Amino acid sequence: MVGTAAHTRQPEHSGAEGPRPSRTLDRGRLVRDLRTVVRGEVRFDEASRHLYANDASIYRTVPVGVVIPRDDTDVVTALEVCRRHRAPVLARGAGTGPSGQSVNAAVIFDFSKYMNRILDLDTQARTATVQPGVICDQLRDAAMEHDLTFAPDPATHDHNTLGGMIGNNSCGTHSVYGGKTVDNVLELDIVLYDGTRMTVGVDEEEDLDRIIGAGGRRGEIYSALRDLRDEFGDLVRERFPGSRVGCPATTSTTCFPRRGSARPAPWWAASAPAPWCSRRR
Ligand SMILES: Cc1cc2nc3c(=O)[nH]c(=O)nc-3n(C[C@H](O)[C@H](O)[C@H](O)COP(=O)(O)OP(=O)(O)OC[C@H]3O[C@@H](n4cnc5c(N)ncnc54)[C@H](O)[C@@H]3O)c2cc1C
């Protein structure tokens, strides 16, 4: 099962050198190494790469290749191989991103095909634990059986994924009463490019000193985010006043939460317990 327990480990590689441009990658060795560890699919053929060259935007970029992980172990091991080759990576859900954010000259990790299960529905707590490839309507339909719902519903709700909604901080008409995606996510199990894996959540302010004091990569990230918030939070809120709908501007304000709710931005979500906003209206 995709973990919800917090566990961290130090990166084996600092990743400080950053990914290599895709033209200097040894794609032959990369695909061979990926195939030895990935139990899902590794698709580097021309047809597959062109299938993933578009999203809902005007941009077109043929990726290095595509990994379709079966589970979180596949994600972590494939990422480790990409890091060893210094290959850029990009997470992808349904590819409905309208601004080119779902295409790049990178190894695409497609979460929609296999990692699309609702792991738990707790009707008492009104939370769900989902894999990132779960489709918005899949969660809403399951919730509806209990007269509950998940409020954010982009126009693409019948095929966009929870991972993509978290990446975009998606909204939609019902987010007006139930909040945007960021308002409906309690916890994320994430893995960073450098291999650090951790669980992040809301309401971590009172734990901040302890987390930063514990050091390591996690402490470093939380410390940098707190500095960012403290330095620029008020300015961002002043320049981009919040609104109940619309993503691009308001996302920046939620990335700079007020003191009292530190919320680190994830690279990707392996699982996300999503609170259902309220009884269906
Ligand atoms: C016609 C149309 C109407 C739309 N209407 C709305 C609307 O009403 N409201 C709204 O908010 N948006 C809207 N959108 C934008 C978009 O559909 C949504 O934001 C949607 O939630 C994106 O989901 P996806 O699964 O397609 O994500 P993708 O496009 O695949 O990915 C979106 C971003 O999330 C990242 N991502 C994907 N999966 C993960 C993961 N597991 N971990 C980390 N990052 C990840 C990707 O790298 C990318 O940056 C619309 C788009 C179109 C084309």
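Helix α3 (residues 72-84) has 13 residues and spans 18 Å from its first C-alpha to its last, close to the 18 Å expected at 1.5 Å a residue. The expected span is 1.5 Å times one less than the number of residues in the helix. Helices (H or I, at least four residues) and strands (E, at least two) are DSSP runs, numbered from the N terminus. The model is a predicted one: local features need pLDDT of at least 70, side-chain atom pairs count only at pLDDT 80 or more, and totals for chains, interfaces and linings use all residues. Residues are numbered from 1 along each chain as its sequence is written.

The buried residues of α3 are D74, V75, A78, L79, V81 and C82. These residues lie on the same side of α3, because they cover an arc of only 160° around the axis; the arc is that of the directions from the helix axis to the C-beta atoms. A residue is buried if 20 or more other C-beta atoms, placed from the backbone, lie within 10 Å of its own, exposed if 12 or fewer, and partly exposed in between. After α3 comes R86, with a positive phi near 55°.

Helix α1 (residues 27-37) contains D33. D33 counts as partly exposed because it has 18 C-beta neighbours inside 10 Å. The C-alpha atoms of D33 and R84 are separated by 9.9 Å, although the two residues are 51 residues apart along the chain.

Next come the strands, where two strands pair if DSSP finds at least two bridges between them. β3 pairs with strand β4 (residues 107-110) in the parallel sense over 4 bridges, and F109 in β4 is the bridge partner of A91.

Strand β5 (residues 118-122) and strand β6 (residues 127-130) pair in the antiparallel sense, also over 4 bridges. D122 stands opposite T127 in β6. The hairpin of β5 and β6 has 4 residues between the strands, and R126 takes a positive phi near 55° there.

The protein chain as a whole has 9 helices and 9 strands. Of its 281 residues, 36% are buried. Among contacts with a separation of 6 or more, 66% are between residues 24 or more positions apart, a contact being two C-beta atoms, placed from the backbone, within 7 Å.
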